[in-house]
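Hi everyone, thanks for making time for this.

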Amino acid sequence: RITLKNPTTEEKTVPYTLIVTTYKLQAVKTLNGTTSVEAGGTKTEDVALGELSSGFYHLTVTVDGEMIRAFNIGIDPEGVVSAPDMQPDFAQFWQQARTDLAAVAPDYQLTKLEDKSTSKRTVYLVEMKSVGDGTGSEVVIRGYYAEPTAGGTYPAVIHYQGYDGGTATPWCMGGNDNPEWCELILSPRGQVINNRPPYTNAYGDWFGYGMDHQDHYYYRGAYMDVVRAIDFMMSREKVQKQNVFAEGASQGGAFTLA
């Protein structure tokens with residue numbers, strides 16, 4: 001629908017155009033029309049887009065040659081199918097990474113944080129071991145974990161953290177924040193908790209670390225850190241194993257998808 005308002009004191013007849021392109025701005029169709037709007041009035045025109053295949057489109061509306069609006073729409077986004085572009089050894093590569101992770105004893109270590117714990121939940125600094133990074137040594141990763149003090153079992157959520165800016169104070173939940181949940185805030189290798197004193201980052205800018213070899217690449221290990229966080233949740237007696245969720249923003253969003 002295109003809504004036009006005529007601010008003048010006389011009726012106006014104007015041409016309008018709706019241009020539909022792909023998100024890459026490749027032309028799809030152009031729809032033209034003409035309408036009259038009474039003085040000081042408003043009029044809405046229905047424009048039939050016709051059949052559009054699944055995808056995302058950019059729409060531009062012009063009236064009397066002047067652009068008045070540009071916006072994006074999605075048509076059946078669930079129907080978008082991307083051609084696979086994974087390498088031939090993709091599945092084998094990640095299965096081997098999972099096998100390597102399974103061979104590393106997690107050795108979970110929990111240290112109670114008295115200043116964060118309350119009568120409702122106990123908050124811990126948790127440490128666990130993950131796969132090596134090509135140096136031959138297993139890697140210790142860290143996070144903050146909160147667990148209700150009362151008996152029973154609880155749903156659980158893992159917060160995967162975004163790309164580390166290096167200056168912010170690591171976020172730690174409070175004992176009263178979500179008293180009916182078990183929560184883990186995971187810092188992947190070399191980031192956030194693992195990048196603040198007394199710990200140091202050994203991975204430079206992270207994204208470029210180990211690009212010379214697929215088995216040493218930073219995100220191979222970081223994605224296994226993501227899996228290890230799930231292993232940790234599954235090891236806790238108070239966690240409802242059928243109700244473990246994940247969330248994250250930016251890099252943490254990518255971890256969540258993975």
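Predicted model: local features only at pLDDT ≥ 70, side-chain atom pairs only at ≥ 80, totals over all residues.

Let's begin with helix H1, which covers residues 90-102. With 13 residues at 1.5 Å each, H1 should span 18 Å, and its end C-alpha atoms are 19 Å apart, which agrees. Which residues of H1 are buried? They are Phe93, Ala97 and Leu101. Looking down the axis of H1, you would find its buried residues within an arc of 75 degrees, so they line one face of the helix. Here is the general idea: an α-helix has 3.6 residues a turn, so residues three or four places apart point the same way. And what do the buried residues of H1 pack against? Their partners are strand S8 (121-130) and helix H2 (218-235). On the face turned away from the buried side, H1 carries the exposed residues Ala91, Gln92 and Ala102.

Now for the rings. There are 16 aromatic pairs in the structure. One of them joins phenylalanine 93 and tryptophan 94 edge-to-face, with 4.9 Å from centre to centre and 80 degrees between the planes. Tryptophan 94, at 22%, counts as partly exposed. Both belong to one aromatic cluster, whose members also include Tyr160, Tyr203 and Phe255. Elsewhere, the charged end of arginine 142 sits over the ring of tyrosine 199, 3.5 Å from its centre.

On to the nonpolar cores. The largest has 24 residues, and Tyr145, Tyr160, Leu184 and Met233 touch the most other members. Elements giving two or more residues to this core are S8, S9, S10, S11 and H2. H2 gives the most, with seven residues. Another core lies apart from it, with 13 residues, among them Tyr16, Val20, Tyr57 and Ile73.

Last stop: serine 187, in strand S11. Is serine 187 buried or exposed? At 1% relative accessibility, serine 187 counts as buried. Leaving aside neighbours within four places in sequence, serine 187 is in contact with several residues, including Ile141, Arg142 and Val192. As for leucine 59, serine 187 is 128 residues away in sequence and 41 Å away in space, C-alpha to C-alpha.

Key. Residues numbered from 1 in each chain as written. Heavy atoms only, no water. Helix = DSSP H or I, 4+ residues; strand = E, 2+ residues; numbered from the N terminus. Expected span 1.5 Å × (residues − 1). Buried < 20%, exposed > 50% of the residue type's maximum accessible area, 1.4 Å probe, protein only. Arc of directions from axis to C-beta. Contact = heavy atoms within 4.5 Å. Phe/Tyr/Trp six-rings, centres within 6.5 Å; stacked < 30°, edge-to-face > 60°. Lys NZ or Arg CZ within 6 Å of the ring centre and 35° of its normal. Core = buried A, V, L, I, M, F, W, Y, C linked by side-chain atoms within 4.5 Å.
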